[in-house]
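Hi,

Here is the model I promised to pass on. Have a look first, then read my notes below.

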There are 2 protein chains.
Amino acid sequence: MALLKNVGEHQLVKNIKNIIRPSGILGVDDDAAIVETNDIVVCSDIVTFERHMPETMTYEEFGWTAAAVNFSDLAAMGAEPIGLITSLALPPDLNESCLYDIVRGIDKCAKVCNAFIIGGDTKPGTGIISCTALGRMGNHRPMMRSGAKIGDIVAVTGSLGSPAAGFYAIKNKIKVAKDTVISLMAPTPHIKEGMALAKSGKVTSCIDLSDGLATAASIVCEQSHVGMEIIWEFLPEGCDVDVVSQQSGISKENMMLKWGGEYELMFTISKSDIEALQDCDVHFSVIGYVTGGENISILKDGSVLERYRAGQYWC
Amino acid sequence: MALLKNVGEHQLVKNIKNIIRPSGILGVDDDAAIVETNDIVVCSDIVTFERHMPETMTYEEFGWTAAAVNFSDLAAMGAEPIGLITSLALPPDLNESCLYDIVRGIDKCAKVCNAFIIGGDTKPGTGIISCTALGRMGNHRPMMRSGAKIGDIVAVTGSLGSPAAGFYAIKNKIKVAKDTVISLMAPTPHIKEGMALAKSGKVTSCIDLSDGLATAASIVCEQSHVGMEIIWEFLPEGCDVDVVSQQSGISKENMMLKWGGEYELMFTISKSDIEALQDCDVHFSVIGYVTGGENISILKDGSVLERYRAGQYWC
């Protein structure tokens, strides 16, 4: 295969269309696609070779990641994915096959999220993928970041810290479970969980943990004008976090609170509504509660491990 | 103001929100925005410092261009713009103020197109803006590239070659009208014209000329499985094309057929339907007709100036 600089952009787009699953959506041969829907949820996130592609990550995994960060934002709203628009700015000296691997990764992640690539563009660049995901709410109210209420319970789906454990395991050549590496390289957006939480109608706020729990709590508190107390002992520890922390010297606090790259959802809900989630088929852990004042406190052994103002970010 | 690398991304996003017009759309403080609509038209285009920012272009004009290329794709469909998602990958050593100038330019173009910035992302990069424009068709059928029929008339809105004339005028220090430079630096997408053409219900295909007339004809012919004869003498010559061609030595053919950066619309329509466009308030010139066979011929003085297969591209 040729280098990208030796292939015309129109030709690349044609080749890409032969790789991805056809969406059946009108307009993909035009510069625009047309989707019939009653409402649209739209979000956009950039990933770059420089920041989001660890040395051992394949191009297909990088493509998967580019799609996953966007579908995860839909998941946090509780939206049902429709499609993805993918803009690729890749180095002219990259081999064509790398582009197709990236697109294959994007398409695979879209498939898992029950969506299609419905458009995009490709230009020379330094290895930047900007995706825009489209979804729909149907009859459900979107879960926002601004609805947390004093007294609400704070909960997270799944467990925390595995992507960080995977990263430091590779860096320090520590042997870990395959799933730990997958949680870093090809994380699955929690679409099903997000849709189930939204369908309950009871969740007051929701956010994904792509920037880490500490930053996620900070954003929700800032936008909801509340505070939070998070109990360290309640945090569900991800696979291999303990062993990697011991062997790498990276603290568990760093991996589980500040590292990011998590695709779990953090949400708030009134204590009296928690029963509504029992039939949801969503596995979650209660990790704290919403307080007044715009401070977040992480409590460990009954004392304050960390305390910071809403609006402070680590990622 | 600081360099971008010294300002956190969350802070940049906050500052951007203070610059742009508020859309009133739910979710812009979340990572996703929610739009109520019956259908959505979506398109995405990348512009880069390297390729789309001539030396004398300001950051605000570059931002305008990034938005304009996308709204122009909506115009070609005949869609009514709703909003724009803007992903910016800018050099860490760029001054913060340049980012805000870019965003101001995007927002100004969005305003002219009756739309809002409704989301986006910012990351370090080499100067790449990827926008995704959202629009709606309402009750009108979208104009596609695949509907041209043998015997149809081929027409273009406005005039051709002014952006190229502006470019070569600046390069060669040739004095030209202010409008010629504006057509290069801050071109206006033809939203009103596109919507009027779609509303007529009679247009069989439509495309914008961002890649130039020769490539546009090639794309429509390829997707409609037809050919075209374009009459050189019928092409509406843009302001300053003649003088710049004489003084720079760049041929008019190059500027009016292959240079691109045009925001005019090329469309096809049955001869018998052309009256339907009389009340449209769209200024257009008939430039040729649709033939069988997938070849495009440009005829000048009754002989073939150029002849090429559908599917051949210059941009």
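Before the notes, one definition: I call two residues in contact if their C-beta atoms, placed from the backbone, lie within 7 Å. Helices (H or I, at least four residues) and strands (E, at least two) are DSSP runs, numbered from the N terminus. Axes are lines fitted to C-alpha atoms, for helices over the stretch in contact, and angles run from 0 to 180 degrees between N-to-C directions.

Keep in mind that this is a predicted model, where local features need pLDDT of at least 70 and side-chain atom pairs count only at pLDDT 80 or more, while totals for chains, interfaces and linings use all residues. Residues are numbered from 1 along each chain as its sequence is written, and chains are lettered from A and ligands numbered from 1 in the order in which they are written.

Now chain B. Helix 3 (residues 59-77) of chain B lies across strand 7 and strand 9 (265-269), at about 170° to strand 7. Helix 7 (residues 191-200) of chain B also packs on the sheet, where it touches strands 6, 7 and 9 and makes about 165° with strand 7.

That sheet is open, with seven strands in the order 7-9-6-10-8-11-12 and mixed pairing (two strands pair if DSSP finds at least two bridges between them). Strand 7 (203-208) and strand 12 (303-309) of chain B each have a single partner strand, so one side of each lacks a neighbour in the sheet.

Cheers
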